[in-house]
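Me: I am new to reading structures. Can we go through this one by asking what backs up each label?

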Amino acid sequence: MAEAYPWQDSLWQQLAGRSQHAHAYLLHGPAGIGKRALAERLMASLLCQRPTPEACGECKSCLLLKAGSHPDNYILEPEEADKAIKVDQVRDLVSFVVQTAQLGGRKVVLIEPVESMNINAANALLKSLEEPSGDTVLLLVSHQPSRLLPTIKSRCVQQACPLPGEAMSLEWLARALPECSADERVELLTLAAGSPLAAVNLQAQGVREQRAQVVEGVKKLLKQQQSPTQLAEEWKNIPMLRLFDWFCDWSSLILRYQLTQDEAGLGLADMRKVVQYLAQKSAQGKVLDIQDWILAQRQKVLSKANLNPALLLEALLVQWAGLPGQR
Ligand SMILES: [Zn+2]
């Protein structure tokens, strides 16, 4: 059974409590807040023979779903993580949609993430959205609805799934991560941009240890106790995108402090002193230049261009070490 998160209570009532269901829903919102779980919960409710509206968990339909052998549900996702949903996969889905439900109830399709369909795949799906077979409900899950074709969006009932409030997230994290202190949970939630499930993932990936290592390294870099080459070697197991995100974030914080002198806006405690020092010692033009450079390189990292990570990281660190000073 999909987990029910406390911040989804009213969303769930709105969606599952409808007297009549739309034939397609688009659940969209930031990653890491449980949209997939919400969609799975709705799928179970739509298939259940005695929903309350929560799926009963005991009828034939619920048992088949639990066993992973329900004939009337279909999950479409990339064959490999972070890859595209292919047009052939959508064609298989379309032939499922035109069949009659084998248990005599609804058929339910879950697609996640919808934005991973390329244009051919999306066009193939459009046909199913335009001519739905009567008893099929499509549940589309998207972390980036801006990347969807307008024709897809307009054929769905759109349901925004907002980030939970900080207090509710921290309360939930206290139960999910009892091994962390309250301060550590705040740190994780900040690093996860407010998404509680992403915060749990970051903890599992050892991100706080990575962050401590990087912060320590940046301090040594600025004191010229470690060279860019040494640090690039030391950090080779830390995901490149994560490193670029942190440096991008720090350059924004430096710029903000230069403009506002507001100590409340210095970001997480671990880098506050360094950010403040760099804001005081660096020319604004240099900070802007390095931020532009980071954003441009980040795009390349994202597009998985053929890069030499060690060289790229060294180039970043050479510029970062050169921030304080007159020129
Ligand atoms: Zn049931």
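Me: What makes the arrangement of the 4 donor atoms around the zinc ion tetrahedral?

Reply: First, a caution. This is a predicted model, where local features need pLDDT of at least 70, side-chain atom pairs count only at pLDDT 80 or more, and totals for chains, interfaces and linings use all residues. Residues are numbered from 1 along each chain as its sequence is written, and side-chain values use heavy atoms, with hydrogens and water left out. Now the angles. Four donors count as tetrahedral if all angles lie between 85 and 135 degrees. Here the 4 donor atoms subtend 104 to 117°, so the arrangement is tetrahedral.

Me: Which protein atoms are the donors of the zinc ion?

Reply: They are the SG atoms of Cys 48, Cys 56, Cys 59 and Cys 62. A donor is an N, O or S atom within 2.8 Å of the metal (3.2 Å for Na, K and Ca). These SG atoms lie 2.2 to 2.4 Å from the zinc ion. Along the chain, the donors follow the spacing C-x7-C-x2-C-x2-C.

Me: How do you know whether Cys 59 is buried or exposed?

Reply: Buried means under 20%, exposed over 50%, and partly exposed in between (1.4 Å probe, protein chains only). Cys 59 has 2%, so Cys 59 is buried. Cys 62 has 7%, so Cys 62 is buried too.

Me: What label does Pro 239 get, and why?

Reply: Pro 239 has a relative accessible area of 38%, so Pro 239 is partly exposed. Pro 239 sits in the loop between α11 (228–234) and α12. Helices here are DSSP runs (H or I, at least four residues), and strands are too (E, at least two), numbered from the N terminus.

Me: With which side chain does the side chain of Ser 61 make a polar contact?

Reply: With that of His 70, at 2.7 Å. A polar contact is a pair of N or O atoms within 3.5 Å; within protein, one must be able to donate a hydrogen and the other to accept it, and residues adjacent in sequence count only if both atoms are side-chain atoms. A polar atom of the Ser 61 side chain also lies 2.8 Å from the backbone oxygen of Leu 47.

Me: Which residues of helix α4 are buried?

Reply: In α4 (residues 87–97), they are Gln 89, Val 90, Leu 93, Phe 96 and Val 97. They cover an arc of only 110° around the axis, so they lie on the same side of α4. The arc is that of the directions from the helix axis to the C-beta atoms.

Definitions and conventions. Four donors count as tetrahedral if all angles lie between 85 and 135 degrees; four count as square planar and six as octahedral if opposite donors are over 155 degrees apart and all others between 65 and 115; anything else is irregular.
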